Amino acid sequence: MKHKITLIPGDGIGPEVTIAAKKCIEATGVEIEWEEALAGSDAMEKFGELLPKETLESVKKNGVALKGPIVTPIGEGFRSVNVAIRQALDLYACVRPAKSYAGVKSFYKDIDLIIVRENTEDLYAGIEFQAGLPATKKIIAEIEEETKKKIRPDSGISIKPISEYATKRIVKFAFEYALKLKRKKITVVTKANIMKFTDGLFLKAAREVAKEYEGKINFEEALVDNMAMQLVQKPHNFDLLVLPNLYGDILSDLCAGLVGGLGVAPGANIGEKTAVFEAVHGSAPKYKGMDKVNPTAMILSGVLMLRYIKEDDAAQRLENAVKKVIADGKFVTYDLRPSPGDPGAVGTQEMADAIIEVIRKQ
Ligand code: NAD
C-alpha cells in the first residue's frame, strides 16, 4: 500500500536532517508519496505566516507527518510553532524513547527508557500575562483578593492548567502503549506534594486509570526532583515514565543525555487520528546549512513513523542499519567521533548514505 505523508522540513538544520531521513526511509522500499508543507521561517517568507493553514490541512488529511525542527525565539516574538502544531491537531501524547546504541559515547550502557509526556496542557498551554500590562494587574489583584497572598506588582504570570480529562487520556495512552510494547513498569512523575490542585490532580487521575490495569503491569509514583536524581544514579530501575508536559520536556532531555545526547533522540506526537514524528532536538541554528549535524534522531523518528503506519519490517531494517553504522563508527558525524574536532567525522548526508548502503546489502 502506498502511504501519503506530509513532510515539513522546518528551519535551521531541519531541511538537512529531514532530507537525510526521507532518503533512508525510501531506501527501505516502503512506498510513500510525500506532500511537502512549510512551517517556520520559510513559511513566513512565502506565505507571511509561520504556520499556514495549508500545512495543518495537509497533516490532518494525510494523518501522518515527518517534521524537522523549527526555531522559537526565547522570551519574545512568536509563540512556538511546534507547540501550535501539537495543540491545533490535538497531538496529546508525546513519546520519546531513550535507547542505548553501541558506539554512542555515554556514561551508561543498555538504557531502554520511554518518556510519555502530556502534550496539550500545563505551563505549555500558552496562557501568559506580561508584567506591567493592565490585564496582568487585574489578574494579580483578583488572585490576591481570592487567596489573600501577595504577588509582587512587577510579576509576569503563566497559567498551569491540568485537567482530569487530559490526564486520564495520557495515562491510558501510556498503559496501552506499555502493554503493546510488553514493557514491565509505568512510573507517574509529578510534584504533587507542592502543587496539589494541578500535579495532585494528575496523580489522583493516574491512580484511577492504573486501577483499571491492575495485575497487567506494575505502576509506581515518583516526585520529579527525586526522579531526576534517580535517573542519573540508577536509570535501569525505570521503564516507561508518564508525566505532565513541562516535566516530560525536561526529563526527556535528561534521558537523551543518558544515551549520548540530542543527536540520537527521536520523538513522536500522537493524537487520536494524527501523528507527527520529529527529533527531540531543535533547529541548532549555528549549524544551519553546514551538512554537519547528526541525522540519527530524525532517522529514528522515521523508524517510529514506519511502526505507526504498520511497516514494522521496514522499521526494523532501518533501525538495524542505523545501529550498524553507529557501531562501526566510521561513517558518523562529529558528535559520535572520539572528539568533536575529529577529522574523520563525515557530514549529515554521508552518514545517511552509509545507512542506505547497509539497508541495500541486508
Ligand atoms: P538545539 O537542540 O537546537 O541545539 C542544542 C545543541 O545540541 C546544538 O548546538 C548542538 O550542539 C546539539 N545538537 C542538536 N541537534 C543535533 C544533531 N542533530 N546532531 C548533533 N548535535 C546536535 O537546542 P537549542 O539551541 O536550545 O534550540 C534551537 C532552536 O530550536 C530554538 O529556537 C528552540 O526553541 C528550537 N527547538 C525546536 C524544537 C522543535 O522543533 N521540536 C525542539 C527544541 C528546540
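Okay, let's start in helix α11, where Asp-328 and Lys-324 sit four residues apart, so about one helical turn separates them. By helix I mean a DSSP run of H or I with at least four residues, while a strand is a run of E with at least two, and both are numbered from the N terminus.

Before I go on, some housekeeping. This is a predicted model, so local features need pLDDT of at least 70 and side-chain atom pairs count only at pLDDT 80 or more, while totals for chains, interfaces and linings use all residues. Residues are numbered from 1 along each chain as its sequence is written, and side-chain values use heavy atoms, with hydrogens and water left out.

Back to our pair. Asp-328 and Lys-324 form a salt bridge, and their closest N and O atoms are 2.9 Å apart. The general idea is that side chains of opposite charge can pair when their charged atoms come close. The rule used here asks for a side-chain nitrogen of Lys or Arg within 4 Å of a carboxyl oxygen of Asp or Glu. Lys-324 is partly exposed, at 41% relative accessible area. For that scale, buried means under 20%, exposed means over 50%, and partly exposed is in between, with a 1.4 Å probe and protein chains only.

Helix α11 covers residues 312-328, and Asp-313 and Arg-317 are also four residues apart in it, so about one helical turn lies between them. They make a salt bridge too, with 3.1 Å between the closest N and O atoms. Asp-313 counts as exposed at 53%, whereas Arg-317 is partly exposed at 24%.

How many salt bridges does the rule give? The count is 30. One of the others joins Glu-144 and Lys-150, with closest N and O atoms 3.6 Å apart, and Lys-150 is exposed at 75% relative accessibility. There's also a network of salt bridges linking Lys-4, Glu-33, Glu-35 and Lys-61.

Now the ligand. Which residues come nearest to the ligand? They are Ile-70, Thr-72, Asn-82, Gly-282 and Ala-284, out of 22 residues around the ligand; a residue is near if one of its heavy atoms lies within 4 Å. By class, that shell has ten nonpolar, seven polar and five charged residues. Here Ala, Val, Leu, Ile, Met, Phe, Trp, Tyr, Cys and Pro count as nonpolar, Asp, Glu, Lys and Arg as charged, and the others, Gly among them, as polar.

A ligand oxygen is 3.0 Å from one of Ser-283, a ligand oxygen is 2.7 Å from one of Ala-284, and a ligand nitrogen is 2.9 Å from one of Asn-294. The protein covers 71% of the 820 Å² of accessible area that the ligand has on its own, by the Shrake-Rupley method with a 1.4 Å probe.

Two more spots. Val-17 is in helix α1, residues 14-27, and is buried at 0% relative accessibility. Its C-alpha is 6.2 Å from that of Met-298, which is 281 residues away along the chain.

Last, the domains, whose bounds come from an automatic or database assignment. Domain 1 is 1-94 + 265-362, and domain 2 is 123-160. Their C-alpha centres lie 38 Å apart. That's my tour, thanks!

Methods: Polar contact = N/O pair within 3.5 Å; in protein donor to acceptor, adjacent residues only side chain to side chain.
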